[in-house]
Amino acid sequence: MTEEIISIIGDFVELQRGTTYKGSLVGNPGPALLGLGSIAPNGGFREESYKTYGGDCPQKLMVSPGELYVSLKDVTQSANLLGAVARVPKYIGQGRLTQDTVKLVFKNKSIRFSYLYWLLQTPQYRAYCKGRSMGTTNLSLSREDFLSYPIPKFSAAREVLVEILNEVEEKIELNRKQNRSLEAIAQALFKHWFVDFEFPDPQGLPYKSKGGAMQNSELGEIPVGWGVGKLEKIIGELETGSRPKGGVGRFTEGVPSIGAESITRIGEFDYSKTKFVPEEYFVKMRRGIIKDRDVLIYKDGGQPGRFDVRISMFGGGFPFETACLNEHVFRLQAKNPGYQNYLYLWFSSYLILEELRYRGAKAAIPGINTMDVKELNFLFMDEGVLEKFDEVIEPLFLKLLHNSREIAVLSKLRDTLLPKLMSGELRVA
């Protein structure tokens, strides 16, 4: 590849650094705040973490859709954000740099934005950044080192790779966007049916607004014939898992072990954080084996006085065909499988999340136990209504989990192709 190196990054771009901002204005209407939290480990835009900013936004600090920005810092020892690049997506509109990020200002159009974007995600570039990191607690990459990274000649093979990578990223983003919409629809239907009680009555009309009979309960007004009891009545399985003595850090293969860091929401999983237990340990595990459509609950951890509960659901081979839990996650299965989709939405609702946060924050070590879950007040509805609800929700969750499996396959394809961008190994006619 040596003879192909004809340029360095500095031949094509200059760096525009961002500035500090007022924390009190974060979350106010305005452009996206493009700090470290908006960049995914090793590169890419981190859509679930960006925030908006309603303060001062000079034009030179603004980054438009399609433009690139980079982190030359990392506050962890992993160095996964050191030199990591992100591209502002179309749906953001505008972004504002922070003191931790720099915008790539292109001097001319002699290099494609997308070519440089993908070069800065190759494992060769990531190794370059980590090898030149400075500092002990907070890591940094000098501007000179960044601008000196070599750029191979843009060949026909590399053009094909860039087009494939762009299409892969577009499909991944489309699936993620669709998943967000599918879950939002499911949450809205849950509220409409079981909070507003506007589920279809026998005539297909909204129950409460069309005069359906209501009664008082511990949870407020509920339809006549429904009741309130403890969640324990419907639970078939509620358990955590375990890990080998000494932890799992030394294992690089085996059966995936799911920890609290992997519990976010249905259809999401960060494969870069996957840990493993040995096969021989897994076959001896008596609890914590993940089953299809498990509702997963973040069980414990965090700062004293604060507990941020999170809920997820795995299924349909996502994120793995076979996996287990460690001791920081609950898996829950109802006696009646028809409750599983409902339970994910119920646990994800604001009132239940707040109740679990309250219970978890009281403990000396923040977290919840089995009784905290079993003793939750639960609305026992007409099972015919539940069955109709599940008929509506099941296709949404099936599609969502299918999209997530497809994202995993496409991400693996992307990671397979990236090293070839530097080496130019791909042969094209």
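Q: What does exposed mean here, and what does buried mean?
A: Exposed is over 50% relative accessible area and buried is under 20%. The model is a predicted one.

Q: Why would residues three or four places apart point the same way?
A: An α-helix has 3.6 residues a turn, so residues at that spacing point the same way.

Q: What covers the buried residues of α7?
A: The cover includes β20, α6 (340-347) and α8 (370-374).

Q: Switching to the largest nonpolar core. How many residues, and which have the most contacts inside it?
A: That core has 61 residues, and those with the most contacts inside it are Leu 231, Tyr 342, Leu 343, Trp 346 and Phe 347. Helix α9 (residues 383-423) gives the largest share, 8 residues.

Q: What does Phe 347 touch?
A: Leaving out residues up to four places away in sequence, its contacts include Leu 231, Val 295, Ile 311 and, from α7, Ile 352, Leu 353 and Leu 356.

Q: Last one, Pro 304. Where does Pro 304 lie, and is it buried or exposed?
A: Pro 304 is in the loop between β19 (295-298) and β20 (311-313). Pro 304 has a relative accessible area of 69%, which is over 50%, so Pro 304 counts as exposed.

Definitions and conventions
Residues are numbered from 1 along each chain as its sequence is written. This is a predicted model: local features need pLDDT of at least 70, side-chain atom pairs count only at pLDDT 80 or more; totals for chains, interfaces and linings use all residues. Side-chain values use heavy atoms; hydrogens and water are left out. Helices (H or I, at least four residues) and strands (E, at least two) are DSSP runs, numbered from the N terminus. Buried means under 20% relative accessible area, exposed over 50%, partly exposed in between (1.4 Å probe, protein chains only). A nonpolar core is a set of buried Ala, Val, Leu, Ile, Met, Phe, Trp, Tyr and Cys residues joined through side-chain atoms within 4.5 Å. Contact means heavy atoms within 4.5 Å.
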